Each structure stands twice: as structure tokens, then as C-alpha cells.
Amino acid sequence: MDRATLPRPNTFAGLSLVLDRIAERRDESQWIAEQARSAEARYLVLDSAGEAFLRRDSEALRWLDNREREQWLGDRDTTLLGMAGQCPHFLVVLDEPGAATSLEAALDARRMSLRSAGLQLAADEAGLFAYAKGLSHWQRETRYCTGCGAPLQLVAAGHRAQCTNADCARLHFPRTDAAVIMLVEHEGACLLGRQAGWPSGRYSTLAGFVEPGESLEDAVRREVAEESGVIVDEVRYHSSQPWPMPASLMVGFIARAVSRRISMRDHELEDARWFTPEQIASGIADGSFVPSTALSVSYRLLAHWLQQCAGLDLDALVAPAMHAR
Ligand SMILES: [Zn+2]
């Protein structure tokens, strides 16, 4: 597969191009133990807050090799993330705060959140960090069976949790909460909103969680109507993004409004309004408009729309404003 010919993936997306999750071998414990001892094996360590260890001398994750894993982590449980070529990738979670602090010093590393590291790391490492963070959050939160209340035990190399009550034995699977995020357009303008408490001038695309019994398109129409009163007809898929903060999948859409009439119904937003490309460009230049972080699919939706609608490059608009700050 030639990555150069594919559209640029959203941050944290595109991991399938470099990592084989080998889900079909997760129950082969002997094979997994061999992989874990291999000289090629790499270990990503996350602390109890889901922060990863980065190198001090570069914007890269501080992976441990097997020798370092034995020395610093002993025989803690590991989770198989997958294989990148011949190189097995594992996750280790350090739940005791003291252990993470000691390891940070021993490795001469620095700990960083996914949100902070997302734009600094190379795309593949950002994707691996996101995958590991999402999985470790589920492992931490999934301790007891929702069927009978008995403790759960991780199986399938960390990707399933099984009830320890033999009469129940229910299997629990990692879950992902789908959320829709949409740029709503109407004849050369787009609808953006802001929440109270956001930095001054910050406007973003509307978003919300999908409810039971809804298609993604239905969720787009409902969320836009609830938050802004705007009625949407056509809904087109754009792209998606894993967003393990803590367990979401953001599904991005471009939606078409039937009119520009706004009436705030649920008051989740402090303000919602229509912006032309020219208003966005001049607002970024004078500091009165601040787009959402470049990490997010919201930024990518806005960038796509500005390009399509007015031939404007959002990265180029934002760069001088960032420089001036
Ligand atoms: Zn159970």
C-alpha cells in the first residue's frame, strides 16, 4: 500500500497502515510469551493517568526493550498491541504513582498526556499512544461483571475481560462511544458554536454523542437541532478519528442546513453563529477568531470546508497568528 497516495489521516488515525493487531492470535499464550521475550519487542508504558513516557532529547516515545522491561517493570502484566513488521509491540500499565515517578527518573524521560503529545509525536507514535490509552482506560474501568458483580480477569492478551464466576463466565469487550461532529454549511457560510468557559474567540463545529436507536445521520440532525435550532437535510461522511479521552470515536460529517435560522434550544452552547470564510480569515488574523486545536477532526472539517468553499488554507492562516502570540 502506498501511503503517499492516501488522504492524510486525522491525528491518531491510520494505524492500520503500520500495525497488525493480529487479533486472531490473542489467545495463543505461548506464542505471545515468545514475542514478549524477543529482542525485537518494544514496550510502551503508561501511568495511572494514561500519560506516556517521552524521550527528553526528542519528540518521541521512550519505548523499553525487553531487557529494560525486566529490569524496571519485573513481571507485570503486558497487553499485546500488535506487530509492526517483525516487531511486537506491548503495553504495560504502571498503576502505582511512585513507580511511575521512579521510572521517569531511571529512564531520564518525561511524562506527557495524549492531548499534549498528539501534535508533537510522529503520526504512527501518536496513533499507538492513542490505542494504548484507550485500551488501558477500559482495562482500568472494567473490574467487575455487569451481569453478576464478580471480579473480572483480563484474557485474550488484555483485549477481553472474563467474569471469574464460573456460573456466569460472561465476556466483556472494550467499548467505544460513537460521537458525531459536523460542519454545517449554508450557501457559503458555516455554523460554529462555543461553550461558556472556552478561551476567548474559540469557535468549533457542533458535536454530540450518538444515542441508542440512532443512525449517525440521525444523530447529526438531532444534535444540530438541539444545540442551534438549525434544520439539516443532507449529511455527508467526511472522516473519523479515535478520541480516547476517554473512550470516544469521533465521526466527522459535512451537513447542509435548509436555512440560517438559529434558536438555541438546550443551551449547551453559549453562542452559535454563521461565519463566512472571509470572516474566519480576518478573525484569525486579528485574533478575534480561534479555531479548535489542530489535533481535532473539528479543525480538519473546517480546513476542508475553507479549502472547498474559498480556496483558503487554514494551516497557512493559523501559522502567522501562532507566531505572533
Ligand atoms: Zn459475571
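Predicted model: local features only at pLDDT ≥ 70, side-chain atom pairs only at ≥ 80, totals over all residues.
**Entry 1**

I found 13 residues of domain 1 in contact with twelve residues of domain 2. On the side of domain 1 that touches domain 2, α4 (114-117) and α5 each supply at least two residues. Helix α5 gives the most, with five residues. I then sorted that side of domain 1 by class: six nonpolar, five polar and two charged residues. For the bounds, I took the domain assignment, which gives 7-141 for domain 1 and 177-324 for domain 2. I noted 32 Å between the two domain centres, taken over C-alpha atoms.

**Entry 1. His137**

I went to His137 next, in helix α5. Which residues does His137 contact, leaving aside neighbours within four places in sequence? I listed Gly50, Pro244, Pro246 and Ala247. Pro246 is 109 residues from His137 along the chain, yet their C-alpha atoms are separated by 6.9 Å.

I moved on to Tyr144. I placed this residue in the loop between α5 (123-141) and β6 (152-155). Tyr144 is partly exposed because its C-beta neighbours inside 10 Å number 14; exposed would need 12 or fewer. Not counting residues up to four places away in sequence, Tyr144 touches Gly149, Ala150, Pro151 and Leu152. I also checked Ala161, which is 17 residues from Tyr144 in sequence and 9.1 Å away in space, C-alpha to C-alpha.

I then traced the sheet. It is open, has three strands in the order β6-β7-β8, and pairs them antiparallel. Why does one side of β6 and of β8 lack a neighbour in the sheet? I saw that β6 and β8 (171-172) stand at the edges with a single partner strand each, so one side of each is left without a neighbour there. Between β7 (residues 160-163) and β8 I noted antiparallel pairing over two bridges. Ala161 stands opposite His172 in β8.

**Entry 2. Nonpolar cores**

I looked for nonpolar cores. The largest has 37 residues. Which of its residues have the most contacts inside it? I wrote down Val180, Ile181, Met182, Val184, Val220 and Ala255. I found a second, separate core of 34 residues; Leu15, Val45, Leu61 and Trp138 are among them.

**Entry 3. Helix α7**

I ended on helix α7 (residues 277-286). Which residues of α7 are buried? I marked Pro277, Ile280 and Ile284 as buried there. They lie on the same side of α7, because they cover an arc of only 65° around the axis. I recalled the general rule: an α-helix has 3.6 residues a turn, so residues three or four places apart point the same way. The face of α7 turned away from the buried side carries the exposed residues Glu278 and Asp286. Just after α7, I noted Gly287 with a positive phi of about 85°.

Notes
Residues numbered from 1 in each chain as written. Helix = DSSP H or I, 4+ residues; strand = E, 2+ residues; numbered from the N terminus. Buried ≥ 20, exposed ≤ 12 C-beta atoms within 10 Å, placed from the backbone. Contact = placed C-beta atoms within 7 Å. Domains from an automatic or database assignment. Nonpolar A, V, L, I, M, F, W, Y, C, P; charged D, E, K, R; others polar. Core = buried A, V, L, I, M, F, W, Y, C linked by C-beta atoms within 7 Å. Arc of directions from axis to C-beta. Pairing = 2+ DSSP bridges.
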